[in-house]
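Have the sequence and the structure open side by side.

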Amino acid sequence: MALTGLSEEARKKGLEKAHLVRKTRSGIKDQLKKGKTSLNALFKDRKLYEEYIAGMKVLQIVSALPGNGRLHAAKILEELKISPHKKIGGLGKNQKVNFFKYFNISES
């Protein structure tokens with residue numbers, strides 16, 4: 001579906017922003033996988049959370065943790081009663097509490 005009414009400059013700016021978001025999210029997953037950051041650190045950084053983490057799928061975050069693959073992450077989410085298609089920012093109150101408790105994330 002083509003967007004109409006956008007100038008070439010606005011379209012280009014949007015594409016650059018989308019590229020930055022994808023690159024940053026990829027870097028976050030890579031840091032998690034290598035153990036250079038923790039879920040606690042990600043959730044404490046308000047700006048990072050609001051701009052990048054909230055829009056990521058829960059499955060992506062959990063499968064990026066060291067020792068977890070997609071299948072293991074899917075089993076964890078099933079246990080927590082969270083859809084693998086759910087985004088971090090879209091978790092319900094109880095889902096968020098269970099997620100934070102399971103991964104020992106302190107709420108800030």
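**A walk through the model**

Met56 is buried, with a relative accessible area of 0%. Buried means under 20% relative accessible area, exposed over 50%, and partly exposed in between, with a 1.4 Å probe and protein chains only. This is a predicted model, where local features need pLDDT of at least 70, side-chain atom pairs count only at pLDDT 80 or more, and totals for chains, interfaces and linings use all residues. Residues are numbered from 1 along each chain as its sequence is written, and side-chain values use heavy atoms, with hydrogens and water left out.

Stay with Met56. Its place is in the loop between helix 3 and helix 4. Helices here are DSSP runs of H or I with at least four residues, strands are runs of E with at least two, and both are numbered from the N terminus. Which residues does Met56 touch, not counting residues up to four places away in sequence? They are Arg25, Lys29, Ile61, Lys86, Lys87 and Ile88. A contact means heavy atoms within 4.5 Å. Ile88 is 32 residues from Met56 along the chain, yet their C-alpha atoms are separated by 6.0 Å.

Now step back to the whole chain. It has six helices and zero strands. From the N terminus on, the order is α-α-α-α-α-α. The C-alpha atoms fill a box of roughly 45 × 30 × 30 Å, taken along the principal axes. Of the 108 residues, 31% count as buried. Take the contacts between residues at least 6 apart in sequence: 62% of them join residues at least 24 apart.

The surface comes next. The chain exposes about 7,600 Å², and carbon and sulfur atoms supply 53% of that area. Accessible areas come from the Shrake-Rupley method with a 1.4 Å probe; for residues, only the protein chains shown count as cover. The chain carries 23 positive and 10 negative charges, and their mean positions are 4 Å apart. Lys and Arg count as positive, Asp and Glu as negative, while His and the chain ends are not counted. Each charge is placed at NZ of Lys, CZ of Arg, CG of Asp or CD of Glu.

Turn to the interior. In soluble globular proteins, nonpolar side chains tend to be buried together. Here the largest nonpolar core has 29 residues, and Leu39, Phe99 and Phe103 have the most contacts inside it. The elements that give two or more residues to this core are helix 1 (8-34), helix 2 (39-44), helix 3 (46-53), helix 4, helix 5 (70-79) and helix 6 (93-102). A nonpolar core is a set of buried Ala, Val, Leu, Ile, Met, Phe, Trp, Tyr and Cys residues joined through side-chain atoms within 4.5 Å. Look at Phe99. Leaving out residues up to four places away in sequence, Phe99 touches Phe43, Val58, Val62, Leu80, Ile82, Ile88, Leu91 and Ile105.

Tyr49 sits in helix 3. At 9% relative accessibility, Tyr49 counts as buried. Beyond four places in sequence, Tyr49 touches Leu42, Phe43, Ala54, Ile88, Gly89 and Lys96.

Two buried polar residues deserve a look. Ser63 lies in helix 4 (residues 58-63) and has a relative accessible area of 11%, so it is buried. A polar atom of its side chain lies 2.8 Å from the backbone oxygen of Leu59. Gln95 belongs to helix 6 and is buried at 18%. The Gln95 side chain reaches the backbone nitrogen of Gly92 at 2.9 Å. Leaving aside neighbours within four places, Gln95 is in contact with Lys81, Ile82, Lys86 and Gly90.

Lys81 lies in the loop between helix 5 and helix 6. Is Lys81 buried or exposed? At 69% relative accessibility, Lys81 counts as exposed. Its phi is near 60°, a positive value in a residue other than glycine. Tyr49 and Lys81 are 32 residues apart along the chain, and their C-alpha atoms are separated by 22 Å. Asn104, in the segment after helix 6, also has a positive phi, near 50°. At 63% relative accessibility, Asn104 counts as exposed.

Key
A polar contact is a pair of N or O atoms within 3.5 Å; within protein, one must be able to donate a hydrogen and the other to accept it, and residues adjacent in sequence count only if both atoms are side-chain atoms.
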